[in-house]
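Here are some notes to read alongside the structure. Please keep the sequence at hand while working through the points.

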Amino acid sequence: MLAATVRVTRDLDLAEECAQDAYTRALQVWERDGIPARPGAWLTTVARNRATDLLRRETVLRRTLPLLVVDEAVSGPGDAPTGPGPIDDDRLRLIFTCCHPALARDAQVALTLRLLCGLSTAEVARAFLVREATMAARLTRAKKKIAAARIPYRVPSAEDLPVRVGAVLDVVHLVYTTGHTAPAGEKLVRDDLTEGAVRLARMLHRLLPGDGDVAGLLALLLLTDARRDTRATADGRLALLAEQDRTRWDRDRIAEGTALLTEALSGRPPTRYAVQAAIAAVHAEAPTWADTDWTEICGLYDVLRALWPNPVVDLNRAAAIGMRDGPGAGLAALEPLREEPALAAYGYLSATRADFLRRLGRWAEAESAYEEALALAGNDVERAFLAERLTEVRGDRR
Amino acid sequence: MARYLILIYGDEQQWDAMTPEQRENHHAAHVAFRDAAGPGVLGGGKLQRTATATSLRAGDGGPVPTDGPFVETKEVLGGYYLMEAPDLDAAIALASRLPEVAASHSGVEIRPLVERN
């Protein structure tokens, strides 16, 4: 609805205002007359009518900010607001505006959460660990830049599309990972973020069906999300992949993800997200933790490392080597990463080291590594898990 | 349409160190840029070295001129274009053709002008 309204207002703030008005009217009218057959279309029409109204007023026309650049050739404001086609097209245009490379990455993610996932400014602020006023200022600054620098509201040309789609996928992936392991708070998973990311990935896949990277990202999110309900126990404790109840993994999501993966891997060379999805698929297909094909996983990490060199990939690869060849080999593979500045404050490096040291019975070193991991952990669920392990290794020392 | 100022920044010493052949290619690239932009280029120019700059600031007895650029930085302003383009993507596409964007020591800043209608 917001995306369709933007096309009339050519101004993000005004469109948000009109969308808000439409919700308010819906509360009154729907209570009186009942919910219309197509509530989404009803809301969009009301918001767009309100926008047209406001735009007629001279005060609005004299706004000093320049308006969003809308490609009139693609579609005009006279288009019917109903039907999934134009609305999807508007959402696609809006996500390319929100994820424009001329905006800072933080701003891209914040705008996407606010304007495409429908989170409130307060909720976006929580996801970023900043105060609401700070986030409100960041969003305002980004929207002002979109208007003043004339960042277009348009699907990029075929020539620019691959790079621009890459930026959008990175934002959607970041939204997912932020929700998957919440950087703060009581809960491990923020469902509003993970679900928003899956919805966006589905939309992108529907609109760009031939793109292997898009199929790869959607496959990755579905295969990862299939495990969501089993990542914490009923009493809220962290359950590692080794301990999860695999009978409760979402088989429909795994089947859908695996099918998409086949599609994603048909492109040559394979893309980063497709390889990450392939790793998730190996886990999803193993009937038990002991049956996991670590040789296959190590091989996939080698492919991923060549495609997308990144210290976090190296860390995951070292963890997989430790599973394939034993904790001593894993520890040796981790050693060079301790010098990596990008991982200096990355708690999973300490946690992985601590686990290998614990399994080798090197209690004193394990203890200090767990202490380090605990200091860097973000949410309460992860902290509780690490504290428990720390108590264990301290007990074994005595 | 909107107007953008393209500010060209780079390391002056590296610009000075160009061979005659590099200089010629550089000039040809600017000519090609102007051809590609056509009427989109509203103005532009190459600046003399920062050693020729004079800055003016307020003093007790009125403006005080001092030798040198307003801000001392390693990358200095070396030239500019004033352009007109339908949107930022078009401005980025045009500015990407500038030879300074290809060199490692230089780059451009794209600044929209305030438009009053």
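1. Helices (H or I, at least four residues) and strands (E, at least two) are DSSP runs, numbered from the N terminus. By that rule, chain A has 19 helices and 0 strands.

2. This is a predicted model, in which local features need pLDDT of at least 70 and side-chain atom pairs count only at pLDDT 80 or more, while totals for chains, interfaces and linings use all residues. Residues are numbered from 1 along each chain as its sequence is written, and chains are lettered from A and ligands numbered from 1 in the order in which they are written.

3. Of the 398 residues in chain A, 41% are buried, where buried means that 20 or more other C-beta atoms lie within 10 Å of a residue's own, exposed means 12 or fewer, and partly exposed is in between, with C-beta atoms placed from the backbone.

4. Helix α12 of chain A, residues 251-265, has 15 residues and reaches 21 Å from its first C-alpha to its last, close to the 21 Å expected, a span taken as 1.5 Å times one less than the number of residues.

5. Which residues of α12(A) are buried? They are A:Ile254, A:Gly257, A:Leu260, A:Leu261 and A:Ala264, and they lie on the same side of α12(A) because they cover an arc of only 130° around the axis, the arc being that of the directions from the helix axis to the C-beta atoms. On the other side of α12(A), A:Arg251, A:Asp252 and A:Thr262 are exposed.

6. The buried residues of α12(A) pack against α11 (212-225) and α13 (272-285) of chain A, two residues being in contact if their C-beta atoms, placed from the backbone, lie within 7 Å.
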